[in-house]
Amino acid sequence: MKKIKTIARPNIALIKYWGKRDEKLNLPAVGSISITLDGISTKTEIWLTQDVDKFYLNEKIDIDEHSKIVPFLDYVRDFINDKVYFEIHSVNNFPTAAGLASSASGYASIAKGINQLLNLNLSDKELSKLARRGSGSAARSIFGGIVEMHKGNEPDGSDCYAEQLYSTEYFPLDVVVVITNTEVKKTSSRNGMLISKNTSPYYSNWVNNSEYDINAMKMALREKDFNKIADLSIRSCLKMHSVMMTSNPPLLYWNSTTFEIIKQIEDLFYEQNQPVFFTIDAGPQVKILTTPDYKKHLLKIIKKLDNIQDYYVLELGNGAEIIED
Ligand code: PMV
């Protein structure tokens, strides 16, 4: 029996994505720019099976996760016009569904595996569209380094895909992911995005300003301007969280430790001119980005933080890959 093994890594967005222009096709309302990480990953093993899909996450069948993946696999069956079923085993070496982009690495690794298993010969661009069907941010994890997700304008999503802007070597960034709480979040990104779209008075401004942020970040990256990259990233993150917080019901993904860390990093960057900034997704973990030169100093600060559960020191990583046995 043909078995495929793949690996994919989470990514974190510097310019954030929040909100969909089409829920059914999973098309984002805004573009985004991300970095793919190295050091944390999802490994997936996948093969064909009979009559029914089986999905094991971290060696367990989880009803919730199973109900999320079946529509994605139904889409694959429609796409290839064949009734094939899959057994999939995905293992994360980091906390699942806690704002660490486990769905990004998960669906990127599954899309990569399906492409190989069924000999679909999809290009990376097409693969990113396939991964997007599972999770919007998964499209970005198909690629390594620094990645742009195009929101596209076509109703069918044909121009909505990710592509690599720069490889891992282009700009040396180190990332420290600080874990403040590993509980599974109460409101998934999927539900949260819909709530924000329907209720936040800031949502339309968020969508309308996003192109400006994307272009500004692309220029900052072109110029390798750390301070601009940092400032744009912090403000994109806080704009996204303003939309979340002003939704009804409010989406508060932070805890008090999240806030304490933000305050310290904000002070280091804006007041003390140190090369360090933060970003946060739909969870309470804080991702702190810095230069290789400042990393040692940053780690000293992190070791002194109260109430943190753990931290991971990561670099920029590659896109989704097939692993040989
Ligand atoms: O992959 P999704 O659809 O669950 O989206 C997650 C979006 C954020 O992580 C909150 C922001 C981003 O751009 O990664």
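Two strands count as paired if DSSP finds at least two bridges between them, and strands here are DSSP E runs of at least two residues, numbered, like helices (H or I runs of at least four residues), from the N terminus. All the views below show a predicted model, in which local features need pLDDT of at least 70, side-chain atom pairs count only at pLDDT 80 or more, and totals for chains, interfaces and linings use all residues. Residues are numbered from 1 along each chain as its sequence is written, and side-chain values use heavy atoms, leaving out hydrogens and water.

**View 1. Strand β14 and its partners.** Look for β14 at residues 310–316, where it runs antiparallel to β5 (residues 32–38) over two bridges. Leu-37 has Leu-316 as its bridge partner in β14. Strand β11 (residues 174–179) also pairs with β14 in the antiparallel sense, over five bridges.

**View 2. Helix α1 packs with helix α3.** The axes of α1 (residues 63–80) and α3 (residues 124–134) lie 8 Å apart at an angle of about 145°; axes are lines fitted to C-alpha atoms over the stretch in contact, with angles from 0 to 180 degrees between N-to-C directions. Phe-72, Tyr-75 and Val-76 of α1 meet Leu-130, Arg-133 and Gly-134 of α3, contact meaning heavy atoms within 4.5 Å.

**View 3. Two buried cysteines.** Cys-160 counts as buried because its relative accessibility is 0%, and Cys-237 is buried at 0% as well. Buried means under 20% relative accessible area, exposed over 50% and partly exposed in between, using a 1.4 Å probe and protein chains only.
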